[in-house]
Amino acid sequence: MKHALVLGVAAAIAAAPGSLVLAQSDDPTAAEFDKFREIMEQDNPAELFEAKGEELWHAHRGPKNASLEQCDLGLGPGVVKGAYVQMPRYFADVDRVMDAEARIVHCMTTLQGFKYEDLAKKPFSNATFTPEPVSLVTYVAAQSRGMTLAAPQNHPKERAAYETGNAIFHFRAGAYDFSCASCHGVDGKRIRTQPLPNFTKPATAISAVQGWPGYRMTGGVMHTLQWRLNDCFRQQRFPEPGYTSEMLSDLLTYVTVNANGHIYRGPGIKR
């Protein structure tokens, strides 16, 4: 039964992004998958990427032969614990709001000397390759497991990022005249067996963040929220956004702030 469920879910994910229908109030397929995920997460493969990320964080690497131990994720140089649940946030040294992956890539370029262009060439995982930022984000995220999401809205640019993210979320365009809100702006939608939570409501916005970074069983690869958003744009037939771009940080600010107050339990397992 479990194998059949996974195969059925994989087929749903591969479906075209159209054909949205109202979901039933009680979704037995989603409930069964949640049970399956609970079992799988007892031995979550994401832990392997977390361990790799910790190794990379402390290793002296790159043209500058430096570690990331002085990387400031918003709580001070080298402070990792609790940082993930307080991002995206404003960073004065770059005068912009950054999500976790954007900030880690920034540290890799400034502290270690890696070239952004090289990191952006292959930013997402596939069956044979896991980019180093993916493992690093997984490690950083794991240090906030069990903590409360608290993406700040104190600085004017943090509030501006939220408003810009809101506008991006509701912007309709592309071949399907879709927006993020087409799938995730109202209650009770799904694509076949895949429920589509409403990210605009505090009660359900946590679904946008929870479990990411996530080990995706359909493919057996580790992905971050940068990949998730990129794939959503692809499904909408929009141009793919720039890796770690300000636009993505703004969109992540919007959905994360909406989820503030919830407990973060990632990294997790995804369908």
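Reader: At what angle do helix α9 and helix α10 pack?
Author: This is a predicted model, where local features need pLDDT of at least 70, side-chain atom pairs count only at pLDDT 80 or more, and totals for chains, interfaces and linings use all residues. Residues are numbered from 1 along each chain as its sequence is written, and side-chain values use heavy atoms, leaving out hydrogens and water. The axes of α9 (residues 225-235) and α10 (residues 246-258) are 11 Å apart. Roughly perpendicular means 65 to 115 degrees, and these helices pack at an angle of about 100°.

Reader: Which residues in α10 does α9 meet?
Author: Contact means heavy atoms within 4.5 Å. From α9 come L225, Q226, L229 and F233. Their partners in α10 are M247, L248, L251 and L252.

Reader: Which cysteines form a disulfide?
Author: A disulfide is a pair of cysteine sulfur atoms within 2.5 Å. The whole structure has one. Its sulfur atoms are 2.1 Å apart, and the pair is C71 and C107.

Reader: How many residues apart in sequence are the parts that C71 and C107 tie together?
Author: C71 sits in the loop between α3 (46-58) and β2 (89-91). C107 belongs to helix α4 (residues 100-110). The parts tied together are therefore 36 residues apart in sequence.

Reader: Is C180 buried or exposed?
Author: Buried means under 20% relative accessible area, exposed over 50%, with partly exposed in between (1.4 Å probe, protein chains only). C180 has a relative accessible area of 14%, so C180 is buried.

Technical notes. Axes fitted to C-alpha atoms, helices over the stretch in contact; angles between N-to-C directions. Helix = DSSP H or I, 4+ residues; strand = E, 2+ residues; numbered from the N terminus.
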